[in-house]
Amino acid sequence: MTGLPDHMTPEMWLAQVFASQEARRGGVLKRQIADVERLVGRDRFLDAAAARGFQVLQNGRHFIVLCNLHPVHRLRAPNGLSKARSEPAARRVLTRFQNRV
């Protein structure tokens with residue numbers, strides 16, 4: 001996928017994104033970071049969201065835009081899941097390191 005079509009400007013793309021029904025309702029938008037960077041640039045996107053009073057989160061390869069001013073609460077972190085996954089990996093790294101010494 002390339003940049004914007006000839007008839008579209010970065011400003012027009014931003015206006016369309018933030019004028020969507022979901023944004024107008026105070027909902028949640030999700031956009032791939034690579035697309036945002038390619039089409040309008042990260043800083044321009046973040047500035048446009050902030051100018052509208054929207055909050056932007058980053059998770060993996062996506063921006064999540066909260067089109068409202070409500071507080072964000074993380075209800076439950078995946079403690080057991082992430083700990084179970086990270087400990088074996090840490091042991092493998094430590095084992096490899098010890099084998100080299």
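How many helices and strands does the secondary structure of the protein chain come to? Five helices and three strands. Both are DSSP runs numbered from the N terminus: helices are H or I with at least four residues, strands are E with at least two.

This is a predicted model, in which local features need pLDDT of at least 70, side-chain atom pairs count only at pLDDT 80 or more, and totals for chains, interfaces and linings use all residues. Residues are numbered from 1 along each chain as its sequence is written, and side-chain values use heavy atoms, with hydrogens and water left out.

**Whole chain.** Colour by secondary structure and trace the sequence. The pattern reads α-α-β-α-α-β-β-α. Now show the surface. The accessible surface is about 7,700 Å² (Shrake-Rupley method, 1.4 Å probe). Carbon and sulfur atoms hold 54% of that surface. Of the 101 residues, 24% are buried (under 20% relative accessible area). Turn to contacts, meaning heavy atoms within 4.5 Å. Among those with a separation of 6 or more, 56% join residues 24 or more positions apart.

**H1 and H4.** Select residues 10-18 for H1 and 42-51 for H4. The helices pack at about 45°, with axes 11 Å apart. Axes here are lines fitted to C-alpha atoms over the stretch in contact, and angles run from 0 to 180 degrees between N-to-C directions.

**Side chains.** On H1, show Pro-10, Glu-11, Trp-13, Leu-14 and Phe-18. They meet Arg-44, Phe-45, Ala-48 and Ala-49 on H4. The residues of this contact divide into seven nonpolar, no polar and two charged.

Key:
Nonpolar A, V, L, I, M, F, W, Y, C, P; charged D, E, K, R; others polar. Buried < 20%, exposed > 50% of the residue type's maximum accessible area, 1.4 Å probe, protein only.
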